[in-house]
Structure formats: C-alpha cells, structure tokens
Amino acid sequence: MLNQKRLFIVSASVTAIIFVVIFLFSSMPYQQQDIKPLLRKLVDFSDHPLPEFTMTYNSQVVSTRAPYAFIEFALRKIGHSVGYFLLTLLCFLTLRLRKITHKKTLLISGIFAFVIAYLDEFHQTFIPGRTGQFIDVVVADGFGIMLAFIVISVFEPLYARNNKMLK
C-alpha cells in the first residue's frame, strides 16, 4: 500500500497530466482536430437523418441540418466537460490527501479548475482556427466542474462512513 506522501505525489502527478493533456488539445489548430471527414467515412446520414434540432451557441447556429458539424460540436463540448470533471476531481482528491477541510478543498479545486479553464480559453485565441470563448468556461467546463462537485458530494460521505466502519 502506498504511504500518504507517495499517494500525494502520484495524485498530484496524475492531476498535472490531465492539465497537460487539456493544454495540448487546446494548442492544436482546428484543422488538426477536425473530425468531420472521419465522421463522414463512418456514418451516412442520408438514409437516417438526425432529428431536427437547432440552437444558437455564442452567436453561432448549431443544427442537425449539418449533422457532422453538429456531432463534432457535441463531442468537443463533451470533451471540455470530461476534461474539467477529471481536473476538478483529481485536484480535490490530491488536496484531501493534505488534510485540508472538505469545504476548503472544494473551493480551491473549483477556483483552480475555473482559472485553468479561463486561461485555456484565452490561450486558444492565439491558436490558428481556434476561438477562445468565455461561454465554454461557463457552460462546458463549468458543467464538468459542477458534475465533479456532485460526485464528490455523493461519494465522499459514503467513503468516510465506510472508512469509519472498517476501523
């Protein structure tokens, strides 16, 4: 079993890896991330079109009328949410190993994740074909952060209760 110090180092390292992965993805020009050609090869919507759906996201129309663009848009936002969910959760777990209180750890993890999300979107404004959008910080990244808070709020009390029973 890992001792507390080693566990902290491993947890902090995995958190740093997630941060680096987020940074690497946001450093890629859009042309390197465009998955529409791959989607066109994998899925043919001519016989089975997607249900009609149109929305506006940051003054841009997103619609199933352009199914490959719509799916790519959805996958990008899901990617944002998953990345920031993992970043927040791992940051929380790392800080909890330092015996910081639950409330402080949640606050620090949330602020850390939002700051990274904001800086990441700002960084994207310098990448060809990318646009840093604050709405991504609030909606997609914020969803991942809030989901991490929910998971933590549900599972940490269960973990604490089970740990007390095992002692």
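I began with a term: a residue is buried when its relative accessible area is under 20%, exposed when over 50%, and partly exposed in between. I also noted that this is a predicted model.

**Entry 1**

I looked up Glu156. Its relative accessible area is 19%. The cut-off for buried is under 20%, so Glu156 counts as buried. I then asked which residue forms a salt bridge with Glu156. It is Arg96, and the closest N and O atoms are 2.7 Å apart. Arg96 sits in helix α4 and Glu156 in helix α6, so I noted a link between distant parts of the chain, 60 residues apart. Arg96 has 28% relative accessibility and counts as partly exposed.

**Entry 2: the other salt bridges**

I found that the structure holds five salt bridges. Why can such pairs form? Side chains of opposite charge can pair when their charged atoms come close.

I looked at Asp136 next. It forms a salt bridge with Lys77, with the closest N and O atoms 2.9 Å apart. This pair also links distant parts of the chain: Asp136 belongs to helix α6 (residues 134-166) and Lys77 to helix α4 (residues 67-96), 59 residues apart. Is Asp136 buried or exposed? Its relative accessibility is 3%, so it counts as buried. Lys77, at 17%, counts as buried too.

Then I checked Asp34. It pairs with Lys36 in a salt bridge, and their closest N and O atoms are 3.2 Å apart. Asp34 is partly exposed at 27%, whereas Lys36 is buried at 17%. Salt bridges with shared partners join Asp34, Lys36 and Glu72 into one network.

**Entry 3: helix α5**

I turned to helix α5, residues 102-124. It has 23 residues. From first C-alpha to last it reaches 33 Å, close to the 33 Å expected at 1.5 Å a residue. I listed some of its buried residues, including Leu106, Ala113, Ile116 and Asp120.

**Entry 4: the whole chain**

How many helices and strands does it have? It has six helices and two strands. Along the sequence they run α-α-α-β-β-α-α-α. The C-alpha atoms fill a box of roughly 60 × 35 × 30 Å along the principal axes.

Of the 167 residues, 34% are buried. The chain exposes about 10900 Å², and carbon and sulfur atoms supply 71% of that area. I looked at contacts between residues at least 6 apart in sequence: 67% of them join residues at least 24 apart.

Last, I checked the charges. There are 17 positive and 10 negative ones, and their mean positions are 19 Å apart.

Key: Residues numbered from 1 in each chain as written. Predicted model: local features only at pLDDT ≥ 70, side-chain atom pairs only at ≥ 80, totals over all residues. Heavy atoms only, no water. Helix = DSSP H or I, 4+ residues; strand = E, 2+ residues; numbered from the N terminus. Buried < 20%, exposed > 50% of the residue type's maximum accessible area, 1.4 Å probe, protein only. Contact = heavy atoms within 4.5 Å. Areas by Shrake-Rupley, 256 points an atom, 1.4 Å probe, with all protein chains shown as cover. Lys, Arg positive; Asp, Glu negative; His and termini not counted. Charge placed at Lys NZ, Arg CZ, Asp CG, Glu CD. Expected span 1.5 Å × (residues − 1). Salt bridge = Lys/Arg side-chain N within 4 Å of Asp/Glu carboxyl O.
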